[in-house]
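Morning, everyone. Have a look at the model first.

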Amino acid sequence: MANRGPSYGLSREVQEKIEQKYDLELESRLVNWIIVQCGEQIEHPPPGRQHFQTWLMDGTLLCKLINSLHPKGNEPIAKISESKMAFKQMEQISQFLKAAEIYGVRTTDIFQTVDLWEGKDMAAVQRTLMALGSLAVTKDDGCYKGDPSWFHRKAQQNRRGFSEEQLRQGQNVIGLQMGSNKGASQSGMTGYGMPRQII
């Protein structure tokens with residue numbers, strides 16, 4: 001963790017707002033999924049934001065998680081280091097983030113390395129893991145382990161096909177968004193630029 005003193009004023013208010021978004025119930029669901037998905041003897045962390053952060057901080061669990069969502073021999077992260085050096089841990093977190101983006105998680109759903117490593121925004125870490133889990137359930141390629149009800153399925157593409165005749169008919173209809181001019185008239189209007197006539 002960074003050696004930073006406490007924040008004050010506006011910085012403190014912003015940090016408190018970020019911390020309020022953290023969900024303990026979601027944390028327990030994510031912990032259960034990571035343990036089931038990785039399929040190893042992983043110790044269950046005590047509940048709480050700080051414990052969740054230290055549990056994921058070195059990046060090894062995240063790398064194992066993203067590798068477990070791929071078929072054997074096709075893992076995106078070849079070497080997972082158990083190093084205690086800060087730069088190695090941060091490198092592993094960024095490897096996970098790149099692999100998650102390649103897997104299909106949108107860039108807007110991906111946290112930044114410092115959000116986890118320094119504990120700046122653990123709610124963003126939760127959002128990324130939720131998006132990853134939802135994507136894994138939606139892909140349904142046999143690599144997801146765990147209860148499918150833990151995550152929402154993402155909506156699949158729903159393309160609609162219209163014939164040329166239907167498209168032509170649609171051009172003749174004035175949509176209600178454009179408003180209506182029934183009953184409108186310009187009686188009593190004067191031309192632009194003319195002064196108002198008071199009689």
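Start with helix H3, residues 49–56. This is a predicted model, so keep that in mind throughout. Which residues of H3 are buried? Four names to find: Phe52, Gln53, Trp55 and Leu56. Look down the axis of H3. The buried residues fall within an arc of 160°, so they line one face of the helix. An α-helix has 3.6 residues a turn, so residues three or four places apart point the same way.

What do the buried residues of H3 pack against? Their partners are H2, H4, H6 and H7.

Two of those helices, H2 and H4, bring us to the pocket. H2 covers 24–38, H4 covers 60–68, and each supplies at least two residues to the lining of the second largest pocket. H4 gives the most, with 3 residues. The volume of this pocket is about 190 Å³. Its lining has 13 residues, and the closest to the centre are Asn67, Ser68, His70, Lys72 and Lys145. By type, the lining divides into 3 nonpolar, 5 polar and 5 charged.

Now the glycine. Where is Gly119? Find the loop between helix H6, 113–117, and helix H7, 122–139. Is Gly119 buried or exposed? The cut-off for buried is under 20% relative accessible area. Gly119 has 10%, so it counts as buried. One last pair. Gly119 and Gln50 are 69 residues apart in sequence. In space, their C-alpha atoms are 7.7 Å apart.

Technical notes
Residues are numbered from 1 along each chain as its sequence is written. This is a predicted model: local features need pLDDT of at least 70, side-chain atom pairs count only at pLDDT 80 or more; totals for chains, interfaces and linings use all residues. Side-chain values use heavy atoms; hydrogens and water are left out. Buried means under 20% relative accessible area, exposed over 50%, partly exposed in between (1.4 Å probe, protein chains only). On a 1 Å grid over the protein atoms alone, a cavity is a set of points where a 1.4 Å probe fits but cannot get out, and a pocket is an open set with protein on both sides within 12 Å along at least five of seven lines; lining residues have an atom within 4 Å of a point. Grid points are joined across faces, edges and corners, and a volume is the space filled by probe spheres set on the points. Ala, Val, Leu, Ile, Met, Phe, Trp, Tyr, Cys and Pro count as nonpolar, Asp, Glu, Lys and Arg as charged, and the others, Gly among them, as polar. The arc is that of the directions from the helix axis to the C-beta atoms. Contact means heavy atoms within 4.5 Å.
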